Amino acid sequence: MWNEFKQFALRGNVVDLAIGIIIGAAFGKIVDSLVGDIFMPMIGAVTGGLDFSNYFTPLSGTVTATALSEAKNQGAVLAWGNFITVAINFIIIAWILFLLVKGMNRLRRTEDAKTGTAEKPPEIPADVKLLTEIRDLMKTGRTL
């Protein structure tokens, strides 16, 4: 069982996945900083000091604070402003990943075209070809 686990854990895909997760977590922190430290202050400046991260709705009558951190200590709050910030983070991450994958695909196609190793469609099996011919003949009303 130990050897089986070792084979699984040291397989290339598992190591690549682990590296991807670690890089993704670090990338997430960068995007959090980008949104929290750059985009949100600019949005606040344009909108006259609007700061989404501090918007909340108290769910308890005991909450009287105006700052989210203090309000959480007083009771239950619905931190919808924080949700908006996280949603903006997600949109930015998704857009950056889309552009990254799009660029990688373009590079791969360019490289494949240079080396002539572009992906070719798989060969259609003989029985499928025969069935396709039979279907086409039946559509026209002709027989074999």
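Leu-59 is exposed in this predicted model, with a relative accessible area of 58%, and its place is in the loop that runs between strand β1 (57–58) and helix α3 (68–74). Because exposed here means over 50% relative accessible area, the value of 58% puts Leu-59 in that class. Leu-59 also takes part in a nonpolar surface patch of about 390 Å², which it makes together with Tyr-55, Leu-78 and Trp-80.

Thr-85, which lies in helix α4 (residues 80–115), gives a contrasting case, for at 12% relative accessibility it counts as buried, the limit for that class being under 20%. When its neighbours within four places in sequence are left aside, Thr-85 is in contact with Val-35, Met-40, Phe-52 and Ser-53.

From single residues we can turn to groups of them. In soluble globular proteins, nonpolar side chains tend to be buried together. The largest nonpolar core in this model has six residues, namely Phe-56, Val-63, Ala-65, Leu-68, Ala-71 and Val-77. One of these core residues, Ala-65, is in contact with Phe-56, Glu-70, Ala-71 and Gln-74, again leaving aside its neighbours within four places in sequence.

After α5 comes Gly-141, which has a positive phi, near 90°.

Key: Residues numbered from 1 in each chain as written. Predicted model: local features only at pLDDT ≥ 70, side-chain atom pairs only at ≥ 80, totals over all residues. Heavy atoms only, no water. Patch = residues over 30% accessible without salt bridge, like charges linked within 9 Å, V, L, I, M, F, W, Y side chains within 5 Å. Areas by Shrake-Rupley, 256 points an atom, 1.4 Å probe, with all protein chains shown as cover. Salt bridge = Lys/Arg side-chain N within 4 Å of Asp/Glu carboxyl O. Helix = DSSP H or I, 4+ residues; strand = E, 2+ residues; numbered from the N terminus. Buried < 20%, exposed > 50% of the residue type's maximum accessible area, 1.4 Å probe, protein only. Contact = heavy atoms within 4.5 Å. Core = buried A, V, L, I, M, F, W, Y, C linked by side-chain atoms within 4.5 Å.
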